[in-house]
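User: Please take a close look at one part of this model, the place where the two chains meet. I would like one connected account.

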Amino acid sequence: MAMTMTQKILAQKAGKPSVVAGELVECNLDLVFGNDITGPVAIGEFYKMGATKVFDPNKVALVPDHFTPNKDIAAAGLAKTTREFARKMGVHYFEVGQVGVEHALLPEKGLIKPGDAVIGADSHTCTHGALGAFTTGVGSTDMAAGMATGTAWFKIPEAIKVTVTGKKQKHVSGKDVILHLIGILGVDGARYRSLEFGGDIAQLTMDDRFTIANMAVEAGAKNGIFPVDEVTLEYIAAHGGNKGVAYAADPDAEYVQEVVIDLNEVPLTVAFPHLPENARTVAEAEKMKIAIDQVVIGSCTNGRIDDMRAAAAVLKGRKVADYVRCIIFPATQAIWKQCVDEGLMNIFIDAGAAVSTPTCGPCLGGHMGILAEGEKCVSTTNRNFVGRMGHVTSEIYLASPAVAAASAVAGYICGPDSLE
Amino acid sequence: MEVIKGRVFVLGDDVDTDQILPGYAMAEPFDQLGKYAMAGAPGLDFLNRVQPGDIIVAGRNFGCGSSREQAPIALKMAGVGLVVAAGFARIFRRNAINIGLPVYVAEIADVLKDGDIIEVDMVKGTVRYAEGQVTAKPLSENVLKTLDYGGLIPRVRAELGISQ
């Protein structure tokens with residue numbers, strides 16, 4: 001029976017020669033992780049189910065990234081619960097000062113490799129499919145069961161094949177590609193399915209792929225996955241060196257839908273409020289002269305070094321517009337340091353941008369950049385739902401770092417080539 | 001658990017987890033989550049109107065977005081007895097069953113208005129309302145069993161013979 005990449009990994013982890021879409025399987029897990037808001041709930045459930053130790057401390061990680069550095073006393077309590085459990089169980093843990101946004105940090109630390117099956121109590125766990133692994137978001141109860149048993153039940157997903165062709169145009173990045181694709185599929189177009197990328201993926205950098213896989217869930221997908229190539233292997237060599245197992249889809253694997261993305265035709269794209277599927281071209285947005293109050297550049301979607309460089313290239317020698325807040329969040333300490341070493345930090349500061357320590361804070365309306373009534377924000381994050389970043393009447397426009405940086409300078413939504 | 005009858009709140013498509021439970025609420029004490037149920041849905045005034053046993057009826061893709069299990073927990077704490085939707089986002093549905101909040105797939109939002117009474121038989125696969133009924137796929141035995149225990153953890157405890 002022909003299988004997709006996802007199906008091959010799940011078959012292997014279930015100890016079966018093959019699987020078919022719709023089948024229920026129990027899989028061994030290579031990593032189970034959570035953060036400071038999903039972790040504490042999972043820890044409570046873990047003890048309630050009678051568990052006393054995790055299945056393998058080397059295969060469990062807790063990443064306190066959401067409300068850290070602690071935003072208030074209640075958040076400090078959540079972080080404390082997370083820390084104490086991590087210390088007691090001896091699992092992977094990253095304290096403030098070492099912590100980064102989980103979906104940027106875990107690959108950087110070499111904790112996820114090609115061919116792995118991974119669950120994370122965070123919906124953007126699908127990010128790691130960029131490395132050729134099956135990785136999917138779950139809730140706290142599933143995380144608790146995963147920590148105790150090292151296994152999880154999955155329904156084998158049907159697949160949508162996304163074939164990439166052509167060449168990215170000037171300023172276009174992985175963010176434009178995924179916003180464009182979600183515009184085609186819709187926010188539930190890939191519900192319960194895997195998004196299997198292929199074609200001329202050499203055109204996409206590793207950071208492009210992380211961004212694309214990260215937002216698979218915004219089309220409702222169970223996971224997004226890329227084949228392993230030279231670009232993947234180069235990344236892995238620089239981050240831990242464990243090559244894992246590279247799976248390729250069978251040539252006759254079944255797909256319920258096939259989409260071709262011709263990179264030559266992907267424009268700079270912005271998703272209008274209040275759904276990621278509301279994709280429009282930046283050119284179209286520009287004509288509307290949409291005045292903005294805040295720009296956020298960072299997150300598990302766009303807080304990596306490619307993103308920082310793209311923002312800096314636009315901000316270099318320019319200033320953030322009057323009465324606009326531009327807040328930049330390198331996603332990990334290593335990326336932060338790289339920004340210093342490459343001189344990007346000077347560019348950000350000279351432009352009048354604020355640079356924050358790694359945190360998920362503003363993306364989910366937690367802290368470090370909440371929006372007031374009626375405010376508009378251009379954000380490189382992943383969701384523009386009603387009120388997600390603050391007041392229920394505030395509005396979020398999702399875009400790439402280059403477009404976000406250009407908009408910060410102009411004070412309204414525009415692309416880099418429209419700046420003087 | 002097989003048959004649930006109650007008064008409905010009718011919502012639209014793509015009701016996301018930020019509307020069901022805003023991000024900021026997750027720093028609040030766990031036992032207070034019910035006070036933030038649907039707090040991110042503009043104009044709904046849910047908390048002043050919800051009564052124990054009420055049913056949320058919605059369109060496609062209910063619960064899209066975050067994996068926060070606190071979202072279905074908040075609905076359950078606020079007294080919601082059941083969510084019926086034309087479709088659920090994958091993680092939300094799994095979380096709801098895991099924490100013992102019944103969720104049921106049926107396309108009925110279009111023919112109902114706030115305050116209508118419906119009776120949902122999740123074993124027979126029917127949703128009855130004043131003017132008629134729609135049929136839908138019955139819940140699997142496994143899901144019903146988990147819901148009967150009040151969620152996955154109580155079920156696992158019972159099956160392992162762990163006392164309260």
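Analyst: This is a predicted model. Contact between the chains involves 35 residues of chain B and 39 residues of chain A. Together they bury about 3,000 Å². Carbon and sulfur atoms give 54% of that area. On the chain B side, the residues that lose the most area to chain A are B:Arg90, B:Arg94 and B:Ile153. Together they account for 22% of what that side buries.

Four salt bridges are counted between chain B and chain A. In one salt bridge, the side chain of B:Arg94 meets that of A:Asp142, at 2.8 Å from N to O.

Which elements of chain B give two or more residues to the side that touches chain A? They are helix H4 (90-99) and helix H6 (152-160). H4(B) has the largest share, with seven residues. By class, this side of chain B holds 15 nonpolar, 10 polar and 10 charged residues.

The model has four cavities of 30 Å³ or more. The second largest cavity holds about 120 Å³. Its lining draws on 14 residues. Nearest its centre lie A:Val217 and A:Gly220 from chain A, with B:Cys64, B:Gly65 and B:Ala89 from chain B. The lining of this second largest cavity comprises eight nonpolar, three polar and three charged residues.

Definitions and conventions
Residues are numbered from 1 along each chain as its sequence is written. Chains are lettered from A and ligands numbered from 1 in the order in which they are written. This is a predicted model: local features need pLDDT of at least 70, side-chain atom pairs count only at pLDDT 80 or more; totals for chains, interfaces and linings use all residues. Side-chain values use heavy atoms; hydrogens and water are left out. Contact means heavy atoms within 4.5 Å. Buried area is the accessible area (1.4 Å probe) that two parts lose on being put together, summed over both. Helices (H or I, at least four residues) and strands (E, at least two) are DSSP runs, numbered from the N terminus. Ala, Val, Leu, Ile, Met, Phe, Trp, Tyr, Cys and Pro count as nonpolar, Asp, Glu, Lys and Arg as charged, and the others, Gly among them, as polar. On a 1 Å grid over the protein atoms alone, a cavity is a set of points where a 1.4 Å probe fits but cannot get out, and a pocket is an open set with protein on both sides within 12 Å along at least five of seven lines; lining residues have an atom within 4 Å of a point. Grid points are joined across faces, edges and corners, and a volume is the space filled by probe spheres set on the points.
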